[in-house]
Amino acid sequence: MRPWMVAGNWKMNKTIGEAVELARAIKEGTAEVKGGEIVVAPVFTALSSVYGVIKGSQVRLAAQNIYFEEKGAFTGEVAPGMAKDAGCEYVIIGHSERRKYFHETDASVNAKVKKALETGLKPILCVGETEEEREQGVTEFVVGLQIRRGLHAIENVDGITIAYEPVWAIGTGKNATPDQAQEVHSFIRSELDKLYGPKAGSLRVLYGGSVTADNIGDLAAMNDIDGALVGGASLKSETFISIITGTAKKRWS
Ligand code: PGA
């Protein structure tokens, strides 16, 4: 079985002080948890302070985004090397909020995934259908396209994680049922197998969208769900730690 991962996407929340406090509580509360990876993704301004707290522990750092150039006249952007310099091992790429509010396309997502890998950052590539697309019955078409385009011309898949996050489930309290999620995860696995053959076996596929301490057990029990990308419920240490221990219990035998 692939090692599980639980990643907390803090989005645009927490001051530096609050982020440090939350990171410390997560580090201390998960010291005994084994068999997987715990990741936190604070805002850029808090990255290096949070790294100071978690360095050397089992908690890893992720950026919520990067740009696909190394440096230069790109006001407001952060280069992959800069995120790495701040202590990041991972980077979330193509989150639906970035696609929706900041006009990210599959092409820019692909450029970012490539640049992240080149720089030695591990991408967490987000895909997922909108409510309308689900109703129209084109979920697999949409998700398949996002995967193929997002991973276009990428041969070495080491370190890549996919996060399936149905847009209608993000921040809505309306999570996909374990069966609904499993169905898409199994589709994603078959697409990855087609693209990469046996190499695809190491790629994790996380579920995201209204994950809570209450629903994680049933989700993580599904065959092809290797962990979770958590938004709202990652902002409080107790709930996030419960999600981590709930995942570890189901994915580690
Ligand atoms: P949510 O967000 O857990 O608050 O639904 C998930 C995400 O956006 O990654």
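**Nonpolar cores and helix packing**

In the predicted model, residue I162 touches L125, V127, I147, L151, I188, L192, L203, R204, V205 and L206, when residues up to four places away in sequence are not counted. I162 belongs to the largest nonpolar core, a set of 66 residues, in which I162 and I188 have the most contacts. The greatest contribution to this core comes from helix α8 (residues 178-196), which supplies six residues. In soluble globular proteins, nonpolar side chains tend to be buried together.

The packing of helices was examined next. Two packed helices are described by the angle between their axes and the distance between the axes. For α1 and helix α2 (residues 47-54), the axes come within 9 Å and cross at roughly 25°. Because angles under 35 degrees count as roughly parallel, α1 is roughly parallel to α2. The crossing of these two helices, α1 and α2, is right-handed. On the side of α1, the contact is formed by I16, A19, V20, A23, R24 and K27, and on the side of α2 by S49, V50, V53 and I54. By class, seven residues of the contact between α1 and α2 are nonpolar, one is polar and two are charged.

A19 is located in helix α1, which spans residues 16-29. Its relative accessibility is 0%, and A19 therefore counts as buried, the limit for this class being under 20%. With residues up to four places away in sequence left out, A19 touches W10, K14, A46 and V50; of these, V50 is also among the residues through which α2 contacts α1. A distance of 14 Å separates the C-alpha atoms of A19 and K55, which lie 36 residues apart along the chain.

A further helix pair consists of α5 (residues 106-119) and α7 (residues 139-150), whose axes come within 8 Å and cross at roughly 45°. This angle makes α5 oblique to α7. Helix α5 contributes D106, V109, N110 and V113 to the contact, while helix α7 contributes L145, Q146, R149 and G150. The contact of α5 with α7 comprises three nonpolar, three polar and two charged residues.

Terms used. Residues numbered from 1 in each chain as written. Predicted model: local features only at pLDDT ≥ 70, side-chain atom pairs only at ≥ 80, totals over all residues. Heavy atoms only, no water. Axes fitted to C-alpha atoms, helices over the stretch in contact; angles between N-to-C directions. Helix = DSSP H or I, 4+ residues; strand = E, 2+ residues; numbered from the N terminus. Parallel < 35°, antiparallel > 145°, perpendicular 65-115°, else oblique. Contact = heavy atoms within 4.5 Å. Nonpolar A, V, L, I, M, F, W, Y, C, P; charged D, E, K, R; others polar. Buried < 20%, exposed > 50% of the residue type's maximum accessible area, 1.4 Å probe, protein only. Core = buried A, V, L, I, M, F, W, Y, C linked by side-chain atoms within 4.5 Å. Left-handed = near helix turned anticlockwise from the far one by under 90°.
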